[in-house]
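Have the viewer open and follow along.

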Amino acid sequence: MAAIAETTTAWAPRVRSILRIMTGLLFLQHGTTKYLGFPQSQMTGVDPTSLGGIAGMFELVGGVLMVIGLLTRPVAFLLSGQMAFAYWIAHGSQGFFPLLNGGELAALYCFVFLYFAFMGPGPWSVDVARCNA
C-alpha cells in the first residue's frame, strides 16, 4: 500500500499538467471554431463584437496559454470567471439544474479553471520552466 501511495503522490503534479493541457485543448476548440472555422460548428463565423465573439477570443488566447502553461494562474482565474458568466447568461436563465439547462460544461470549466488558479500549472509548463531557468 505504501508503494501505491508514493507512486500516486509522485505522479500527482504530472497528472495536474496533463489535466491542464487537455482542458486547454478542449477549451481551445471553442475559440478555433469561432475564429478559424475549425472544426466547423454552429458557432463558426461568430461576430467578433458579440458576446460569443468576445468569449471566442478568450477561448482562443486563453486556451493556448493554458495548453503551454504560461501565466496559468491569472489566465485560469479569468477563464473561470468567463465560464461563470457564460453559465448564468446562457444557461442559468433556463432553469437551476445544469443537467436540464445545458450548462454542465460551462460549470465544469468554471471549477476546473478555478482549481488551476489556486493550484498552478503542474511541472510541465512554461511557468515552471521560466522559474527554473
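## A charge over a ring

A charge sits over a ring if NZ of Lys or CZ of Arg is within 6 Å of the ring centre and within 35 degrees of the ring normal. In this predicted model, Arg 14 and Trp 11 give an example: the charged end of Arg 14 sits over the ring of Trp 11, at 4.7 Å from its centre.

Trp 11 also belongs to a nonpolar surface patch of about 650 Å². Leu 25 is partly exposed, as its relative accessible area is 39%.

## The overall fold

Let us step back to the whole chain. What secondary structure does the chain contain? There are six helices and zero strands, so the pattern read along the sequence is α-α-α-α-α-α.

Along the principal axes, the C-alpha atoms fill a box of roughly 50 × 35 × 25 Å. The chain has 133 residues, and 35% of them count as buried.

## One salt bridge

How many salt bridges does a search of the whole structure find? The search finds one salt bridge, and the side chains involved are those of Glu 59 and Lys 34, with an N to O distance of 2.9 Å. Because Glu 59 lies in helix α2 (residues 51–68) and Lys 34 in helix α1, the pair ties together parts that are 25 residues apart in sequence.

Are these two residues, Glu 59 and Lys 34, buried or exposed? Glu 59 is buried, and Lys 34 is buried too. As background, side chains of opposite charge can pair when their charged atoms come close.

## Aromatic pairs

The structure holds six aromatic pairs. One of them joins Tyr 87 and Trp 88, with 5.0 Å centre to centre and 90° between the planes, an edge-to-face arrangement. Tyr 87 counts as buried, at 7% relative accessibility, whereas Trp 88 is exposed, with a relative accessible area of 56%.

Why is the pair of Phe 96 and Phe 97 edge-to-face? The ring centres of Phe 96 and Phe 97 are 5.2 Å apart and the planes stand at 85°; planes over 60 degrees apart count as edge-to-face. Phe 96 counts as exposed, at 63% relative accessibility. Elsewhere, Phe 27, Tyr 109 and Phe 113 form one aromatic cluster.

## Side chains reaching the backbone

His 91 lies in helix α3, which covers residues 72–91. A polar atom of the side chain of His 91 lies 3.3 Å from the backbone oxygen of Gly 102. With a relative accessible area of 19%, His 91 is buried, because the cut-off for buried is under 20%.

Asn 101 lies in helix α4. The side chain of Asn 101 reaches the backbone oxygen of Gly 95 at 2.8 Å. Asn 101 is buried, with a relative accessible area of 3%.

## Loops and backbone geometry

Most residues other than glycine have a negative phi, and most peptide bonds are trans. With that in mind, which peptide bond is cis, with omega near -10°? The answer is the bond from Phe 38 to Pro 39. Pro 39 is found in the loop between α1 and α2.

The phi angle is the point of interest at Leu 71: phi is near 55°, a positive value in a residue other than glycine. Leu 71 lies in the loop between α2 and α3 and is partly exposed, with a relative accessible area of 42%.

The loop between α3 and α4 (98–101) is the place of Ser 93. Ser 93 is exposed, with a relative accessible area of 63%. From C-alpha to C-alpha, Ser 93 and Met 57 are 24 Å apart in space, and they are 36 residues apart in sequence.

Key
Residues are numbered from 1 along each chain as its sequence is written. This is a predicted model: local features need pLDDT of at least 70, side-chain atom pairs count only at pLDDT 80 or more; totals for chains, interfaces and linings use all residues. Side-chain values use heavy atoms; hydrogens and water are left out. Patches are made of residues with over 30% relative accessible area and no salt bridge: like charges are joined within 9 Å, nonpolar side chains (Val, Leu, Ile, Met, Phe, Trp, Tyr) within 5 Å. Accessible areas come from the Shrake-Rupley method with a 1.4 Å probe; for residues, only the protein chains shown count as cover. A salt bridge is a side-chain nitrogen of Lys or Arg within 4 Å of a carboxyl oxygen of Asp or Glu. Buried means under 20% relative accessible area, exposed over 50%, partly exposed in between (1.4 Å probe, protein chains only). Rings of Phe, Tyr and Trp (its six-membered ring) pair if their centres lie within 6.5 Å; planes under 30 degrees apart count as stacked, over 60 as edge-to-face and the rest as tilted. Helices (H or I, at least four residues) and strands (E, at least two) are DSSP runs, numbered from the N terminus. A polar contact is a pair of N or O atoms within 3.5 Å; within protein, one must be able to donate a hydrogen and the other to accept it, and residues adjacent in sequence count only if both atoms are side-chain atoms.
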